[in-house]
Every structure is written in C-alpha cells, then in structure tokens.
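Please look over the structure shown here.

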Amino acid sequence: MDLNLVSFFARYYLDICERIRTEVPEIEWIEQDFGQDVFDKWRPNVAFPAVLIDFPAASYDAEAATSQFGEVTMSVRLLVAPFTQSYEEAPIEVKEDALQYFEIEQKLINALHGWQPEDEYCQPLVRSSIQSNNRNDIGLRIRNLAFTTAYEEDFE
C-alpha cells in the first residue's frame, strides 16, 4: 500500500486490514478495537463476523542513538454472532453451521501467520496464542488471536 503515513502502527493497521479483506472475504467488518463488544449498543454498528484489531503491547531496544528495534504484539479479535447450536444431538448440518467460526478463524490465521507487507518493513507475523472470551449476555462468540512481529525504527 502506497501511503504517506509515517507511524508504523497506522501503516501496519491499514496493510493488515487489506490483507484480511482480500484473503478472508467472510469477514464483514474490520476495525480498530475500541471495545465494541462491551456494550450491546455497539452491535448495530458492527456487522458479523467482525475482526477488531489492536496493538496492546510493544517493547523496544536501542540499536544505536538514532534507531530502535521494536517487538509488537497484535490482537485480532474475531467476533461472531452464533445462530445455530452445536450440542451433541443436533443434526450434523446444524453443528457444521454452528462451527463455521472455527473455519473462518483458520482462514484468518492462514492469512496472517507468516505474512508480511510487500515492502517488508517488518518481520512476518507469528501467531502466539488463541483465547476465547465469550459474551453470552449479548450473544457474541469471541476468539482472541495474538500475533507478534518486529520492526526497526530510525529517528533521523
């Protein structure tokens, strides 16, 4: 992506959005994570399945007086509003529908793990963890995927 942005995070966010949009067309909504799942009032503003992206942590080491090496953690939250059941006695077709979020999650992982922007301004993404954080009170299934990357920043 040819941008005039100098911030690593702004540029990287846009590149990641484009990657997800092209590789995982099942995703209906991609946005920065502002806690859209915290209140039910946000639900009309988000189409599902949705991906919310954040960079919750970064650590830096000095390489020289004018550069640093940064290690970045990226959070990708997959939000799905389930509409079918996966209980043991459900028909297989119903269970398959209910478990489609795992298929979307795998496509998301395949699109991001090992990926780096074309101009290679950072290292390839590496998946580091997955956690569930369901919001049954507002009807959301949430999978938190964490990835890491690293980049060098010059201050000249």
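Ser 67 stands opposite Asp 154 in β5. In this predicted model, local features need pLDDT of at least 70 and side-chain atom pairs count only at pLDDT 80 or more, while totals for chains, interfaces and linings use all residues. Residues are numbered from 1 along each chain as its sequence is written, and side-chain values use heavy atoms, with hydrogens and water left out.

Strand β3 covers residues 67-80 and strand β5 covers residues 141-154; the two pair in the antiparallel sense over 14 bridges. Two strands count as paired if DSSP finds at least two bridges between them. Phe 69 is another residue with a position opposite β5, where Glu 152 faces it. Of the 14 residues in β3, 10 are buried, and the strand is mostly covered. Buried means under 20% relative accessible area, exposed means over 50%, and partly exposed lies in between (1.4 Å probe, protein chains only).

Five strands make up an open sheet with mixed pairing, in the order β1-β2-β3-β5-β4. The edges are taken by β1 (29-32) and β4, each with a single partner strand, so one side of each has no neighbour in the sheet. From one strand to the next, the twist averages 25°. Strands of a sheet pair through backbone hydrogen bonds, either parallel or antiparallel.

Strands β1 and β2 run parallel and are joined by four bridges. Here Glu 31 has Leu 52 in β2 as its bridge partner. Strands β2 and β3 run antiparallel, with 12 bridges between them, and a hairpin connects β2 to β3 through two residues. Along this pairing, Ala 50 stands opposite Leu 79 in β3, and Ile 53 has Val 76 in β3 as its bridge partner.

## Chain layout and helices

The protein chain has three helices and five strands. Their pattern along the sequence is α-β-β-β-α-α-β-β. Helices (H or I, at least four residues) and strands (E, at least two) are DSSP runs, numbered from the N terminus. The chain has 156 residues, and buried residues make up 37% of them. Among contacts between residues at least 6 apart in sequence, 57% join residues at least 24 apart; contact means heavy atoms within 4.5 Å.

Which strands does α1 touch when it packs on the sheet? Helix α1 touches β1, β2 (50-64), β3 and β5, and its direction makes about 140° with that of β2. Helix α3 also packs on the sheet, touching β2, β3, β4 and β5, and its direction makes about 5° with that of β5. For these angles, axes are lines fitted to C-alpha atoms, for helices over the stretch in contact, and angles run from 0 to 180 degrees between N-to-C directions.

## Aromatic rings

A search of the whole structure gives 10 aromatic pairs. Rings of Phe, Tyr and Trp (its six-membered ring) pair if their centres lie within 6.5 Å; planes under 30 degrees apart count as stacked, over 60 as edge-to-face and the rest as tilted. One of the pairs is Phe 8 with Phe 9, which is edge-to-face at 5.3 Å centre to centre, with 80° between the planes. Phe 8 is buried at a relative accessible area of 7%, whereas Phe 9 is partly exposed at 26%.

Phe 8 also pairs with Tyr 121: the ring centres are 6.0 Å apart and the planes stand at 80°, so this pair is edge-to-face. The pair links distant parts of the chain, with Phe 8 in helix α1 (residues 8-23) and Tyr 121 in the loop between α3 (100-112) and β4 (126-132), 113 residues apart. Both Phe 8 and Tyr 121 are buried. Ring pairs join Phe 8, Phe 9, Tyr 12, Phe 55, Tyr 60, Trp 115, Tyr 121 and Tyr 151 into a cluster.

The ring of Tyr 121 also has the charged end of Arg 11 over it, 3.9 Å from the ring centre. A charge sits over a ring if NZ of Lys or CZ of Arg is within 6 Å of the ring centre and within 35 degrees of the ring normal.

## Cysteines

How many disulfides does the structure hold? It holds zero disulfides, a disulfide being a pair of cysteine sulfur atoms within 2.5 Å. Cys 17 counts as buried at 14% relative accessibility. Cys 122 is buried too, with a relative accessible area of 4%.
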